[in-house]
Amino acid sequence: MQALLIPIVFLNFCLVSKGAVDSVSLPDAYSEALKKTEALPHQEEQIKQAEEKYRQALGGLLPTVSGFASYQWQAAAGGGAFSPTRQPLVRISATQPLFRGLRDFAGLKQASLLSQASQFEKEVALQQLFNEVTQNFFVVLSLEQELVNLKSQISALEKRIFELKDRIKIGRSRVTESLTVRASLSTLKSQLLLTEGQLSVARETFQFLTGLSTTTPLKDGLLLKESLPPLENYLDSVKARPDLKMHSLHLEAADKGVSVAWGAHLPSIDLNGNYYLKRFGFFDQIPWDVGVSLSLPILNGGIISSRVAEASSKRMQAELALSKAKRAATQEVQSLYATLRADFEQLKALTEAKELNEANFKQQTREYRNGLVNNLDVLQALTAFEESKRSLDRARFQTKIDFLKLETASGKYPRPKETN
């Protein structure tokens, strides 16, 4: 029995070199999907927005400089330097925050964490895209192989019908035998039409994902090796999943959000300075001034306390989301591993069944020619052989899909160069 292969090192598959120009491997299809999808540009815009929010938070720590000019007329009130009828004013003002309850620094750190989280959101989009391309790629190959098998089975039945014509003429076979084969042939032709429709839909999805033509030939470059790595290897890799890193950063950012809200209870101290280009009256002799201002919230209707409570609630939500994501990731890996192990055993059983059914069909054919069995026995043997072959091919492709799902669920999937 031919050895079954399940790959241990996913990298070997990802680095399969391109073959003929007119055929496309899974890495090729994924590369084309990266160019076509709108998900990545969308996430890149999210990253830009997060980076700009960080710059805005950083700007809150830096001094601000502004210009101001006014010209005021007022009724005469005795005149003099202190109450001129015309009051021009032109000044340049600068403000440097000195202390804001440390909420500025907490806000800056929060913005930095959210910027990092947006990078992992892009990784999650890459992961989802790879799963979609993988599923579609092997579904197309599976349906194409199904068509090949159905056409082979149809050809075998047509050959039997041709042989039965001569046997019926000489009285060695009955008309009912021919009718039975024709009925089976009609059923197979209907299955062929259904599979062609399914393949057409799968090809349209392939074109949508990759932008490649629906007639592009696909090449399966994924080779399977003998052993399945231990479950612990995959569970140890779960922490590399981008969604878990993203949730972890969101939790840290939410924690900083509590500090930002609570810092509003503390006083704010600012350094202020003005340089006057034009003043009125006596003040025209004073070109500049510098001062320090302090403000302390005393009563604000409980708004600050409410904001602290809101931020604390958001932090709890982020903590629960991280906990749920960890449990879901572990459960997903365990389920996929169990599925893949079942696929492995199924492949063994189906390989053996195919070989036995093939041997039985050949034996039945020999005995039929010697008059030891009838045509229905041969038809049943042929049907069993073809069905087992089709089942084996479908199982092989499904095993590859399940394997790549497991690899992706444990954080292993190909990334474009700019995300490495």
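**Figure 1. The largest nonpolar core of the predicted model.** This core holds 58 residues. The members that touch the most other members are L26, F137, F138, L157, L218 and L406. Five helices each supply at least two residues of the core: α2 (26-36), α4 (103-169), α5 (175-210), α8 (303-369) and α9 (375-409). Helix α4 gives the largest share, with 15 residues.

**Figure 2. Surroundings of F137.** With residues up to four places away in sequence left out, F137 touches V24, S25, L26, A29, L218 and K219. Two of these neighbours, L26 and L218, are listed with F137 among the core residues that touch the most other members.

**Figure 3. Another core, of five residues.**

Figure 4. The protein has nine helices and four strands. Among the helices, α4 spans 103-169 and α8 spans 303-369.

**Figure 5. Burial, surface and contacts in the whole protein.** Of the 420 residues in the protein, 39% are buried. The accessible surface is about 23600 Å², and carbon and sulfur atoms account for 57% of this area. Among contacts between residues at least 6 apart in sequence, 83% join residues at least 24 apart.

Definitions and conventions: Residues are numbered from 1 along each chain as its sequence is written. This is a predicted model: local features need pLDDT of at least 70, side-chain atom pairs count only at pLDDT 80 or more; totals for chains, interfaces and linings use all residues. Side-chain values use heavy atoms; hydrogens and water are left out. Buried means under 20% relative accessible area, exposed over 50%, partly exposed in between (1.4 Å probe, protein chains only). Contact means heavy atoms within 4.5 Å. Accessible areas come from the Shrake-Rupley method with a 1.4 Å probe; for residues, only the protein chains shown count as cover. A nonpolar core is a set of buried Ala, Val, Leu, Ile, Met, Phe, Trp, Tyr and Cys residues joined through side-chain atoms within 4.5 Å.
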